[in-house]
Amino acid sequence: MTTFGELFDREPDGRWAGPGRVNLIGEHVDYADGLCLPFAIAQRTVVEVAKRADDRLRLRSLSEVGGFDGELADVGPGRPEGWAGYVAGVLWALREAGHAVGGIDLLVTDTVPLGSGLSSSAALECGAALAVDDLYGLGLGGSAEGRKLLVDACRRAENDVVGAQTGGMDQAASLLGTAGHALLLDTHDDSTRQVPFAPADVGLTLLVIDTKVRHSHADNEYGARRASVEKAADALGRPSLRDATLDDLAALDPELLPRARHIVTEIARVRRTVALLDAGRIAEIGPLLDASHTSLAGDYEVSCPELDLACATARAAGALGARMTGGGFGGSAIALVPTDGIDTVAGAVRAAFAAAGHREPDIRATEPSAGAERIT
């Protein structure tokens, strides 16, 4: 395996890790002033980084082709292409925000599974952002408010440099996550609150089912969903659909109605889920997970046959609830399962995938973990 020293003829200043995330509920509402409930997971993207004395960026990865070797001044919308845009975009956004940052050498050594719906892109951005914060002494990584400024830089990297019109949920989970909690993110004002979520304490496990169907957030489908939501808000004369009701939506045309209905009902589901978790009633959130998937598959049309099969099979085998997680069009599903039923549910999903001729899914237990950190 190629090392940092072999690539750059020196040793890194340190190693940083950005975790992926699972969104428990609140999908496709982060760009509609909605409420999301993600948490950081144990799967992490690890970067080795060294500070440079100039503005040159040398970016390489052990798992992906391509990279970047150029000046920070050359970074901007659409440049560089590929995965390197997520890293270079963070430095560009920090400099745009007035922070004194310069060049780095960076090697990606481990990654959250790419395209799995667990936000490998945000994990990369956040690991790189924390490294740059440390190396250039920005002082942002040591507080929640400072980390929110890093979240903003990561979001700008994805929106303005890479061109993926995502909200800030993924980056917030990766930078602000804490063990044993999900992060309630209000994207209207970017306020956050830690919500207790420790399923193991009540004999439950959250399974992540990676369908192995890969997707891209920067594709036309994702942008089309966001455009529909914004168009619906405009049609109703509102800045967003955040506080719209189902009765309000009756004025929308048939093309926009189902997209807007998902947003309104999903925000309501997040509120109910948070109330149950605050009350320690984790087992009761299952039907809300099911309803979320039904809405995403039907009204929002971002599921796929593999995700639908994973959720339906998990429920039939004993899961309390299941839904796709992430942007959709592939990636992962989650299932809330009694811990003593893990093998039954996992076995049923694998058998169903084999019978349908799908690739064997990767199934693993997950739990809320710490956010991005320096690891050496």
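The crossing of H2 and H4 is right-handed, and by that I mean the near helix is turned clockwise from the far one by less than a right angle, with anticlockwise counting as left-handed. Helix H2 covers residues 84–96 and helix H4 residues 144–162; they pack at an angle of about 120°, with their axes 7 Å apart. The axes are lines fitted to C-alpha atoms, for helices over the stretch in contact, and the angles run from 0 to 180 degrees between N-to-C directions. At that angle H2 is oblique to H4; under 35 degrees would count as roughly parallel, over 145 as roughly antiparallel, 65 to 115 as roughly perpendicular, and the rest is oblique.

On the H2 side, the residues in contact include Tyr86, Trp92 and Leu94, and on the H4 side they include Leu150, Arg156 and Val162, where contact means heavy atoms within 4.5 Å. The residues of this contact divide into 11 nonpolar, two polar and four charged.

A quick word on what we are looking at. This is a predicted model, in which local features need pLDDT of at least 70 and side-chain atom pairs count only at pLDDT 80 or more, while totals for chains, interfaces and linings use all residues. Residues are numbered from 1 along each chain as its sequence is written, and side-chain values use heavy atoms, leaving out hydrogens and water. Helices (H or I, at least four residues) and strands (E, at least two) are DSSP runs, numbered from the N terminus.

Next, please look at helix H3, residues 120–135, and helix H5, residues 169–176: their axes come within 9 Å and cross at roughly 50°. H3 and H5 are therefore oblique to each other, and their crossing is right-handed. Here Ala122, Ala123, Glu125 and Cys126 of H3 meet Asp170, Gln171, Ser174 and Leu175 of H5. That contact divides into four nonpolar, two polar and two charged residues.

UniProt, in an unreviewed entry, places "domain: GHMP kinase C-terminal" at residues 275–354; its positions are in the numbering used here, feature names are shortened, and annotations may be inferred rather than shown by experiment. Over residues 275–354 the chain is 52% helix and 15% strand. Helix H8 (residues 286–298) and helix H9 (residues 305–316) have axes that come within 11 Å and cross at roughly 155°, which makes H8 roughly antiparallel to H9. The crossing of H8 and H9 is left-handed.

At the other end, the unreviewed UniProt entry puts "domain: Galactokinase N-terminal" at residues 3–51. That span is 10% helix and 53% strand, with its end C-alpha atoms 17 Å apart.

How many aromatic pairs are there? The count comes to three, taking rings of Phe, Tyr and Trp (its six-membered ring) with centres within 6.5 Å, and calling planes under 30 degrees apart stacked, over 60 edge-to-face and the rest tilted. Phe39 and Phe197 have ring centres 5.7 Å apart and planes at 40°, so this pair is tilted. Phe39 sits in strand E3 and Phe197 in the loop between strands E8 and E9, so the pair ties together parts that are 158 residues apart in sequence.

Two backbone details to finish. Arg79 and Pro80 are joined by a cis peptide bond, with omega about -5°, and Pro80 is in the loop between strand E5 and H2. His28, a residue other than glycine, has a positive phi near 60°.

Terms used: Ala, Val, Leu, Ile, Met, Phe, Trp, Tyr, Cys and Pro count as nonpolar, Asp, Glu, Lys and Arg as charged, and the others, Gly among them, as polar.
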